[in-house]
Amino acid sequence: MERKNIFGKAMAAGALLGGGMGLGGPEEALANRADVGEVVVEKDVPGKPHKGKVLLAIHAHLDDIPYYCAGTCAKLINEGYTGYLLRTSNDEKCGGGTNAENILSNEQENIKMAKVLGFTDVFDFYYRNHRMNNISTQEFRSRLVFLYRLLKVDTVITFNPWGHGEENPDHWVTGRVAEEACWMSGMGNDYPEHMEAGIKPYGVKERYYFVGRPGQPYNRVVDISSSIEQKIQSLVECKSQGGGNRGAELRAELAKKGKRLPILGNDDETANREYVRQFYLDEYRELGQQYGLEYAEPFYYIDLRRQGKSREEKYIEKNVVNL
Ligand SMILES: [Zn+2]
């Protein structure tokens with residue numbers, strides 16, 4: 001992943017969401033799908049409002065989730081979600097070792113990173129890194145549908161499937177197949193053998209697509225101030241890629257010259273954490289400031305939950321007569 005200032009300008013002034021997500025009717029539900037409309041700010045909600053719901057975070061590489069949405073994953077899990085993490089590639093090209101060494105170090109760091117954010121379990125699909133536009137998306141989709149149904153996934157957080165500026169095939173392939181599978185997972189006639197095995201259709205209802213490249217759209221800003229320490233620690237775990245050990249490296253480089261930076265402290269762990277805090281969070285700090293928050297992450301959010309009565313139900317209620 002190449003990091004840049006990715007958020008650009010805010011799209012509109014924010015409406016506030018927090019302390020209950022209840023919405024009134026289908027019109028509001030439509031607004032919440034938000035191809036149109038204003039940016040909604042999602043703040044911390046007290047208690048465990050998401051208890052009983054399942055979140056699947058899907059990334060291609062070790063450092064995607066930590067950079068783009070670790071604060072939101074931690075926040076949602078802290079608020080009651082059971083969280084699972086899926087990594088779709090094998091990360092063989094990143095890590096400074098041979099391909100085989102990179103596969104192992106990224107896999108181990110991905111598990112540590114998941115633990116920091118509170119994920120219950122980790123799945124790895126191990127498609128070859130940087131080659132995912134060469135795989136069978138049908139096979140990929142069927143694996144994802146199985147996982148959605150098995151885990152009964154309510155909410156997916158992943159790449160924007162149609163986000164422009166994306167140059168990494170692992171990212172856009174993952175995003176597009178994840179989206180297809182969200183819909184197909186709820187269909188009764190796709191993969192009927194699952195039903196024979198007792199695994200029933202289960203449609204994904206909420207989707208958070210993170211902003212992976214400059215200019216990608218967002219309609220929701222999530223306040224991650226309360227989970228920022230978890231985001232920082234998750235970035236520290238990204239040592240094979242993502243620069244999680246840069247603080248310790250810099251501390252060692254300066255020490256050779258007889259110098260030190262006070263923010264880096266007296267040990268490697270402190271150096272890594274404080275380096276991340278100082279140098280990797282600018283975009284999230286700046287976005288937060290636009291909405292009066294300390295730190296924030298942006299998403300294109302889609303909510304397919306039915307809110308209130310349908311047009312048909314409303315019409316029947318108003319017009320039905322006895323035979
Ligand atoms: Zn990536």
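Guide: In this predicted model, helix α8, spanning residues 246-256, packs against helix α9, spanning residues 268-279, with the axes 6 Å apart and at an angle of about 115°. An angle of 65 to 115 degrees counts as roughly perpendicular, and α8 is therefore roughly perpendicular to α9. The crossing of α8 past α9 is right-handed. On the α8 side, the contact is made by Arg-246, Gly-247, Ala-248, Leu-250 and Arg-251; α9 contributes Asp-268, Ala-271, Asn-272, Glu-274 and Tyr-275. Sorted by class, the contact of α8 with α9 comprises four nonpolar, two polar and four charged residues.

Gly-71 counts as buried because 28 C-beta neighbours fall inside 10 Å, the threshold being 20 or more. Beyond its neighbours within four places in sequence, Gly-71 is in contact with Ile-224, Ser-227, Ile-228, Lys-231, Tyr-295 and Glu-297. Gln-230 is 159 residues away from Gly-71 along the chain, yet their C-alpha atoms are separated by 6.8 Å.

Helix α2 also bears on the largest nonpolar core, which has 68 residues; α2 gives the most to this core, with nine residues. Within the core, Cys-73 and Phe-210 touch the most other members. Not counting residues up to four places away in sequence, Cys-73 touches Ala-57, Ile-65, Gly-83, Leu-117 and Ile-157. In soluble globular proteins, nonpolar side chains tend to be buried together.

Technical notes. Residues are numbered from 1 along each chain as its sequence is written. This is a predicted model: local features need pLDDT of at least 70, side-chain atom pairs count only at pLDDT 80 or more; totals for chains, interfaces and linings use all residues. Axes are lines fitted to C-alpha atoms, for helices over the stretch in contact, and angles run from 0 to 180 degrees between N-to-C directions. Helices (H or I, at least four residues) and strands (E, at least two) are DSSP runs, numbered from the N terminus. Angles under 35 degrees count as roughly parallel, over 145 as roughly antiparallel, 65 to 115 as roughly perpendicular and the rest as oblique. A crossing is left-handed if the near helix is turned anticlockwise from the far one by less than a right angle, and right-handed if clockwise. Two residues are in contact if their C-beta atoms, placed from the backbone, lie within 7 Å. Ala, Val, Leu, Ile, Met, Phe, Trp, Tyr, Cys and Pro count as nonpolar, Asp, Glu, Lys and Arg as charged, and the others, Gly among them, as polar. A residue is buried if 20 or more other C-beta atoms lie within 10 Å of its own, exposed if 12 or fewer, and partly exposed in between; C-beta atoms are placed from the backbone. A nonpolar core is a set of buried Ala, Val, Leu, Ile, Met, Phe, Trp, Tyr and Cys residues joined through C-beta atoms within 7 Å.
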